Amino acid sequence: SGLRASIMKRMMTEELPHGRLGMEIWDLYTQDRGKTGETVCRGAKIPDGRFHLQVHVCIFNGKGEMLIQLRQKDKQWYPDLWDYSVGGSAVAGDNSVAAAERETQEELGLTISLQGKTPALTRWYEQTIDDYYILHQEIQLSELQLQAEEVQATRWASYEEVMTLLTEKRFCPNERGMIRLLFELAEKEAH
């Protein structure tokens with residue numbers, strides 16, 4: 001039932017003082033974004049031909065700078081590297097918008113509304129469908145409440161600064177064209 005699924009989702013993802021009660025559960029999708037009705041626990045092998053949903057929120061200020069975050073040193077993937085403003089996986093029952101809003105709240109302590117907004121772009125990788133949202137918002141870094149387990153620091157960075165971090169291997173591995181595209185889409189959306 002819907003109530004049971006809601007309770008299970010909350011139990012599996014609820015933050016407790018000593019970590020999570022259970023593992024994250026992800027919905028699985030077909031290549032054309034159809035939910036299969038199957039789920040998988042975070043860390044388990046995703047079957048061939050199946051995908052899980054990831055979201056990224058790229059927050060830009062009026063100067064055209066992107067808010068970037070420094071991932072914690074003990075992260076399994078890309079520790080101690082700079083990354084987009086927010087990123088994470090949709091848990092079972094989440095749609096893309098709900099996942100992006102939840103991840104932004106968790107990682108930055110920032111409440112956003114993406115209702116009625118579609119991703120600026122979507123990329124398919126080997127086993128993930130990644131939605132990228134662009135948001136324009138003036139934020140004082142001192143007002144952010146960073147999730148200690150995930151984020152060390154945040155800063156505003158220009159396109160040139162992000163490219164320098166990428167060249168110096170201090171930014172999560174990305175294609176240069178992808179970063180350029182996100183900055184161009186943000187500039188186009190701002191006007």
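Q: Is Glu-150 buried or partly exposed?
A: Glu-150 is partly exposed, as its relative accessibility is 21%; buried means under 20% relative accessible area, exposed over 50%, and partly exposed in between (1.4 Å probe, protein chains only). This is a predicted model, in which local features need pLDDT of at least 70 and side-chain atom pairs count only at pLDDT 80 or more, while totals for chains, interfaces and linings use all residues. Residues are numbered from 1 along each chain as its sequence is written, and side-chain values use heavy atoms, with hydrogens and water left out.

Q: Which residue forms a salt bridge with Glu-150?
A: Lys-75 does, with the closest N and O atoms 2.8 Å apart. A salt bridge here is a side-chain nitrogen of Lys or Arg within 4 Å of a carboxyl oxygen of Asp or Glu. Lys-75 is buried, because its relative accessible area is 17%.

Q: How many salt bridges are found in the whole structure?
A: The search finds 15.

Q: Next topic: with which side chain does Asp-94 meet in a salt bridge?
A: With that of Arg-102, at 2.9 Å from N to O. Arg-102 also meets Glu-103 in a salt bridge, at 3.1 Å. Shared partners join Asp-94, Arg-102, Glu-103 and Glu-106 into one network.

Q: Why does Glu-103 count as buried?
A: Because its relative accessibility is 6%. Glu-103 touches residues including Val-55, Val-86 and Leu-108, where contact means heavy atoms within 4.5 Å.

Technical notes:
Lists of a residue's contacts leave out its neighbours within four places in sequence.
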